[in-house]
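Keep the viewer open as you read.

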Amino acid sequence: QGDPEVGRTRLELMEREREKAVMRGRNRIDLDRKKFWRNNIGFWVLGLCNNFSYVIMLSAAHDILSKQESTNTTAEPPPPSPPSLPPPMQMQVSGRFDCNPVSTAAILLADILPTLVIKLSSPIFIHLISYRVRVCFCCLSAIISFIIVSVSVSTWISLLGVVFASISSGLGEYTFLSLTAHFDSAVVDGWASGTGAAGLFGALSYSGLTQFGVTPKTTLQIMILVPIVQGFSYFFLLSTPPTHSTLNSGASEDRAGGPEDQAGGPEDQAGGQEDQAEGPEDQAEGQEDQPLIQLQTADSILTFSRKMRIIRGCLKYTVPLGLVYFAEYFINQGLFELLYFPHAFLDHNAQYRWYQTIYQGGVFISRSSGAFIKIRRIWILTLLQFGNAVLLLAAAWYGPVPSLWLIFAAVLFEGLLGGAGYVNAFNNITLESEPGDREFAMGAASVADTLGISLSGVVSLPFHDWMCNLN
């Protein structure tokens, strides 16, 4: 029993086991890191692609209406007007402002009302539809929207195309925000940053291409690539997303992830087929990463009273967020077209496009700051945004300010406030929701910004027409 050789052998065996345990721990950390970045990049791309069609339609709103007015007036050429004004500005010659006869808020309403209907009705039935079917429908709707608007010859056909873009964006936002509950909470930052990037790159790509001579029709047709990338990101970039909502009453399939997910589960949990030998440990790792997958009890089926309790708990963030977006889109769709500098280096159409681009740049910056800047009091952003709206309204009413660059600065600030409200509201809801409630809470809270935008469109439309008719 005192043999030193036996003692050394035991020590060597213990040391080897310890080294193996350390290596397994390092491998798990590496796999966690790879999965973390893979899912964050996946949600970033999903956010980018999901909001792209929505942003493109708003950026193209002025051109869509201008094209229809030009088409409608080809039979009877308009009377001569100063060459510095583009054709759509010739339509309103008796008022104080150069306006389209139809407010760009009409495009906003077509772009947002279907989204509102989808988000208000989704809590009732959407859990019955698999995530895969929803994503495919979103991609198809976006493709249809670009095709219809690019070939349209009338305002109402164009608005139909915008409606398809709205369906794609609204269903996509509800779906992907709900889906974040199945992953690490950091993917919310990735999603928010991606939606901000959609605003910047969508507006910038449209403004840039049209500025350099590409026609709006060709530009819209090029954008068909975006929903294709969206589908690729969901099916091939995310690490085995669930097929159904965990709120589905038939969640027995989801408990195991379904036949397809059962086959893919160990691969996801271990980070790859080659690492399946570590089965139990990697299974535990996967369960930690996607806690809602474990919550397959009777509590997974939310009662109506529980849903109402969740919604009430979200109101302290959703109400201020909705008001931020109300003021924000009142500026965008009610005031942008009225803030025209006749002697600037950009014509009216170009000024409108660059207002949208700069605004979206601010949104992208602030939506990408969620991991670094935390704001709990969303109502502060609401007050600042309403103050910004009042200042820009005064600028439109009393005449051009000394420099176009001052308006650009105010528009950038508007975007920063809106993006900060979005990312912080959803981050706060994610952190404060109980795990079993998070999927429903994230989807239901997505109604807030849509409702604010819709109400803003309703107000902006008559306000725009009233301002345009002032003598």
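Which side chains meet in a salt bridge at 3.8 Å, N to O? They belong to K119 and D449. Bear in mind that we're looking at a predicted model. The pair joins distant parts of the chain, with K119 sitting in helix α3 and D449 in helix α17, 330 residues apart. Both partners are on the inside: K119 is buried, and D449 is buried too.

Side chains of opposite charge can pair when their charged atoms come close. Searching the whole structure turns up six salt bridges, so let's look at a couple of others. R309 pairs with D437, and their closest N and O atoms are 3.4 Å apart. Here again distant parts of the chain are linked: R309 is in helix α12, while D437 is in the loop between α15 (404–432) and α16 (438–445), 128 residues away. R309 counts as partly exposed because its relative accessibility is 39%, whereas D437, at 3%, counts as buried. Then there's E432 with K316, at 3.2 Å between the closest N and O atoms. E432 lies in helix α15 and K316 in helix α12, so this bridge ties together parts 116 residues apart in sequence. With 36% relative accessibility, E432 counts as partly exposed.

The structure holds one cavity of 30 Å³ or more, and the largest cavity has a volume of about 220 Å³. Its lining takes in 22 residues, with N51, Y54, Y329, R367 and D449 lying nearest the centre. Which helices supply at least two lining residues each? They are α1 (4–59), α3, α5 (155–179), α6 (187–211), α12 (304–335), α13 (348–367) and α17 (447–468). Sorted by class, the lining has nine nonpolar, eight polar and five charged residues.

The C-alpha atom of S454 is 6.2 Å from that of L113, although the two residues are 341 apart along the chain.

F125 belongs to helix α3, which spans residues 105–125. F125 is partly exposed, because its relative accessible area is 34%. Together with I124, L128, I129 and V133, F125 makes a nonpolar surface patch of about 460 Å².

How values were computed. Residues are numbered from 1 along each chain as its sequence is written. This is a predicted model: local features need pLDDT of at least 70, side-chain atom pairs count only at pLDDT 80 or more; totals for chains, interfaces and linings use all residues. Side-chain values use heavy atoms; hydrogens and water are left out. Patches are made of residues with over 30% relative accessible area and no salt bridge: like charges are joined within 9 Å, nonpolar side chains (Val, Leu, Ile, Met, Phe, Trp, Tyr) within 5 Å. Accessible areas come from the Shrake-Rupley method with a 1.4 Å probe; for residues, only the protein chains shown count as cover. A salt bridge is a side-chain nitrogen of Lys or Arg within 4 Å of a carboxyl oxygen of Asp or Glu. Helices (H or I, at least four residues) and strands (E, at least two) are DSSP runs, numbered from the N terminus. Buried means under 20% relative accessible area, exposed over 50%, partly exposed in between (1.4 Å probe, protein chains only). On a 1 Å grid over the protein atoms alone, a cavity is a set of points where a 1.4 Å probe fits but cannot get out, and a pocket is an open set with protein on both sides within 12 Å along at least five of seven lines; lining residues have an atom within 4 Å of a point. Grid points are joined across faces, edges and corners, and a volume is the space filled by probe spheres set on the points. Ala, Val, Leu, Ile, Met, Phe, Trp, Tyr, Cys and Pro count as nonpolar, Asp, Glu, Lys and Arg as charged, and the others, Gly among them, as polar.
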